[in-house]
Amino acid sequence: MAPFEAPATKLVDLNQKSLFLSAASIAFNPLFWNIVARQGVPTPTPNFTHEYRNKILTKLFGGRSQAACYGLAFTIFTLGLLRDFLYERALRHQPSYPLLELDEVKYLAYALIAVGNILVVSSTWALGITGTFLGDYFGILMDDMVTGFPFNITDAPMYNGSTCSFLGTALLYGKPAGILLTAWVFVVYQIALKYENPFTAEIYAKRERERAAAAKKGSKKAQ
């Protein structure tokens with residue numbers, strides 16, 4: 001049997017503005033929610049104390065931090081829908097590649113999309129709305145760290161699940177440009193995690209220090 005030979009074809013059409021619009025949307029979303037959410041939350045300083053910024057979102061919602069968090073959640077969700085729309089449109093404007101149109105690739109695509117959705121949905125279920133959409137930035141902290149599924153598989157199921165879905169969609173459409181954009185998604189999310197993880201960790205560390213100080217104070221009073 002003769003080996004399969006794919007005809008030469010253009011992998012990525014860089015003349016399509018939709019490609020760069022999609023890339024910009026992918027980068028904008030985590031930048032947006034990190035900048036906006038931090039306007040009303042404690043910021044770790046070098047001596048590990050906290051100072052509060054403007055609390056813009058909380059003020060806009062009449063001082064109700066939970067309402068502000070839900071407002072941000074709605075905005076992030078809407079931006080996500082727009083990002084996905086721009087991504088799909090970008091793929092439609094890009095050339096396909098024959099090797100990516102094989103049945104085996106389609107099966108892999110469906111598997112990646114399924115895994116991605118499972119990670120995202122199960123993460124949201126485990127964390128709740130406020131836990132998923134930066135509630136801790138608004139002082140809405142969870143009682144304990146979530147260690148069950150999917151966090152026992154990956155420490156960033158939302159981001160990794162989203163990346164799987166992007167890659168699965170790229171393979172489903174048979175578009176090399178989608179693989180390129182997926183790589184961009186991965187890079188953007190890794191950069192976001194470099195900022196988010198230490199920031200969130202310090203928020204919870206501050207709470208533990210306050211609890212320890214309160215317990216110590218209570219112990220002295222008891223004596």
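**Briefing on the predicted model**

Buried residues, meaning those under 20% relative accessible area with a 1.4 Å probe and protein chains only, make up 38% of the 223 residues in the protein. This is a predicted model, in which local features need pLDDT of at least 70 and side-chain atom pairs count only at pLDDT 80 or more, while totals for chains, interfaces and linings use all residues. Residues are numbered from 1 along each chain as its sequence is written, and side-chain values use heavy atoms, with hydrogens and water left out.

**Overall build**

- The protein has 6 helices and 2 strands, which are DSSP runs numbered from the N terminus (helices H or I, at least four residues; strands E, at least two).
- From the N terminus on, the order of these elements is α-β-β-α-α-α-α-α.

**Helices H4 and H5**

- Helix H4 (residues 103-132) and helix H5 (residues 157-173) have axes that come within 7 Å and cross at roughly 155 degrees, where axes are lines fitted to C-alpha atoms over the stretch in contact and angles run from 0 to 180 degrees between N-to-C directions.
- That makes H4 roughly antiparallel to H5, a term that applies to angles over 145 degrees.

**Threonine 182**

- Threonine 182 lies in helix H6 (residues 176-222) and is buried, with a relative accessible area of 6%.
- Leaving aside neighbours within four places in sequence, threonine 182 is in contact (heavy atoms within 4.5 Å) with Tyr87, Thr163, Phe166, Leu167 and Ala170.
- The C-alpha atoms of threonine 182 and cysteine 164, which are 18 residues apart along the chain, are separated by 8.4 Å.

Technical notes: Parallel < 35°, antiparallel > 145°, perpendicular 65-115°, else oblique. Buried < 20%, exposed > 50% of the residue type's maximum accessible area, 1.4 Å probe, protein only.
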